[in-house]
Amino acid sequence: MDSVYVGWLSILPPIIAIALALITKEVIFSIVIGILSGTIIYTFAAGLNPLVAPFSVLFQIMNGWMDVDIMIFCFMLGGLIWLVNASGGAQSYGKWAATKIRSKRSSALMTFLLGIILFIDDYFNCLSVGTIMKPITDRYNLSRAKLAYIIDSTAAPICIMIPISNWAAAVGGYLAVTGAFDSEFGAFVGAVPFNLYAILSLIMVFIVCAFGLDFGPMANAERKAEAGDLGIETTDDGEPEADAVKPQSNLLDMLVPIIVFITTSILFMMYTGGFWGEDPAFAGNFAAALGNCMAAHSLVCGNFIALIVCFVMYLPRKIMTFKEYFANLGKGMCSMVNAGIILVLAWSIGGICRDLLCTPDFMKNFVESTGVPGALLPALVFLVAAFLSFSIGSSWGTFGILIPIVVPIAQSICPDLLIVSLAATLAGSIFGDHCSPISDTTILSSAGAQVKHLEHVSTQMPYALTVAGCSLIGYLILGFTNGNLVISMAVSIVLLVGVVFWFHKMWLSKNADSKA
């Protein structure tokens, strides 16, 4: 299928999908309507049959953009989570953690720390942290909405700041296309300190976890959690009952499968990336191998081995029978169906915008036609990246669209702010991805924390907007001070802390007034 340039109409499908999602609270319906609007626009612009082409194009795009490895990984991880819960390992882990983690604050901080440690891949981070921490955070009445927020707001920000993550390799590949840098790795590392949204997001999570300074919908979710309503999204099958846990289960039934999953996934990443191969560019080079690896495929392999370990551990000890094992595996996979459907639809709407409606060309023309002063470029790039990422639900897709555009524009308008503009592109992409209901990491965070997807979006949105506002001011300062990191970072952090304390105080005051 040939692409067609339709101007501003190219951003209409994601706008329709997002607006309907926020209005109707039905994500699948909203994305389907958004996709159909895109295929209808393409049909008339390309002169195709208006009765047949919208549906034909839809399924061709859906088939072309489906990542089978990610889908398999989601379903298999759902099965692993269910098996661990049914074995009693999660409950045993919760009991053990209760002797080490003695407060709601420490459970939240432990979730934050674990999110930072698992920096290799954001998908891996989102689902693994939720699996490990749910039994602990539930014990101390931390809402699932807040758990999802902590997971989501540590996954991408830490991945984009660590040079050995697969995110660094992806960005390096986009930078190589521009030919503007002697070392793409050096450019990535140089942009890390200027990635204000990623840095401030981690600071925000720490503040919220350490001091409990919640506000808005998140504060309401936390208040409900204190009363016992954690906001858990359950399937028709519910969750494994506590009385089904066998007395012979122990902490290792939780830890061993998870550790095997993490370890083997990393080993497969190294293997598929050529760490033990003959190519000198990757052989023996851990960071390069991770950048070259097949991350989703590696996660599938690691998950499969973890399922085998569960089989070997549980059946001989009669924690569950052969029939119960596969029944629980099937229930876990079924629990991921909704997330899987949303992922496929999200990939499809992004593919329509990128491949058929020329959204990248429209955004390029828009940026180049603004004629703004160089000092405003970092802030403008941040806003454009945020909007595009929010619209297509993909930070990586936004990297691929904007980096080849932003780099030459920055070189011509303000060369001294090239690295800052690159960092603003990365920062805005992550912010838009965090806010978007059709973002894959947002979807996976909801699934990992087992909370309603739109509840996660609505509770996280005010926090993400707060960080984004402070980041935008920081980029304005960077632009007008010719990239002075010390001043911009100091102002942004002080502003963030002050705003969070003020919002929390305002929420307390409003809550007190409503009670009165």
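These questions and answers go through a predicted model of one protein, from its overall make-up to single residues.

The model is predicted: local features need pLDDT of at least 70 and side-chain atom pairs count only at pLDDT 80 or more, while totals for chains, interfaces and linings use all residues. Residues are numbered from 1 along each chain as its sequence is written, and side-chain values use heavy atoms, with hydrogens and water left out.

Me: What average pLDDT does the protein have?
Reply: pLDDT is the predictor's confidence in each residue, from 0 to 100. A score of at least 70 is reached by 88% of the residues. The average over the protein is 82.

Me: How many helices and strands does the secondary structure come to?
Reply: Helices (H or I, at least four residues) and strands (E, at least two) are DSSP runs, numbered from the N terminus. By that rule the protein has 0 strands, and its helices come to 24.

Me: What percentage of the residues of the protein count as buried?
Reply: Buried means under 20% relative accessible area, exposed over 50%, and partly exposed in between (1.4 Å probe, protein chains only). The protein has 516 residues. The buried share is 57%.

Me: Among contacts between residues at least 6 apart in sequence, what percentage join residues at least 24 apart?
Reply: The count takes in contacts in the protein between residues at least 6 apart in sequence. The share of these that join residues at least 24 apart is 79%.

Me: How many aromatic pairs are there?
Reply: Rings of Phe, Tyr and Trp (its six-membered ring) pair if their centres lie within 6.5 Å; planes under 30 degrees apart count as stacked, over 60 as edge-to-face and the rest as tilted. The count of aromatic pairs by this rule is 14.

Me: Is the aromatic pair of Phe382 and Phe431 stacked or edge-to-face?
Reply: Phe382 lies in helix H19 (residues 377-392) and Phe431 in helix H21 (residues 418-435), 49 residues apart. Phe382 is buried at a relative accessible area of 1%, and Phe431 is buried at 11%. With 6.0 Å centre to centre and 10 degrees between the planes, the pair is stacked.

Me: How many of the 18 residues of H21 are buried?
Reply: The expected span of a helix is 1.5 Å times one less than its number of residues. For H21 this gives 26 Å, and its end C-alpha atoms are 26 Å apart, so the two agree. The helix is mostly covered, with a buried count of 17.

Me: Which residues does Met204 touch, leaving out those up to four places away in sequence?
Reply: A nonpolar core is a set of buried Ala, Val, Leu, Ile, Met, Phe, Trp, Tyr and Cys residues joined through side-chain atoms within 4.5 Å. The largest such core has 156 residues, and Met204 is among those that touch the most other members, with Ile160, Tyr197, Tyr314 and Tyr475. Ring pairs link Tyr149, Phe215, Tyr463, Trp502 and Phe503 into a cluster. Met204 touches Tyr149, Phe215, Tyr463, Val467, Leu496 and Val500.

Me: What is the C-alpha to C-alpha distance between Leu496 and Ser201?
Reply: Leu496 is found in helix H24 and is buried, with a relative accessible area of 0%. Its contacts beyond four places in sequence include Leu200, Ile203 and Met204. Leu496 and Ser201 are 295 residues apart in sequence, and their C-alpha distance is 9.8 Å.

Me: How many disulfides does a search of the whole structure find?
Reply: A disulfide is taken as a pair of cysteine sulfur atoms within 2.5 Å. The number found is 0.

Me: Where is Lys318 found?
Reply: Most residues other than glycine have a negative phi. Phi of Lys318 is positive, near 60 degrees. Lys318 counts as exposed because its relative accessibility is 66%. It is found in the loop between helix H15 (295-314) and helix H16 (322-334).

How values were computed: Contact means heavy atoms within 4.5 Å.
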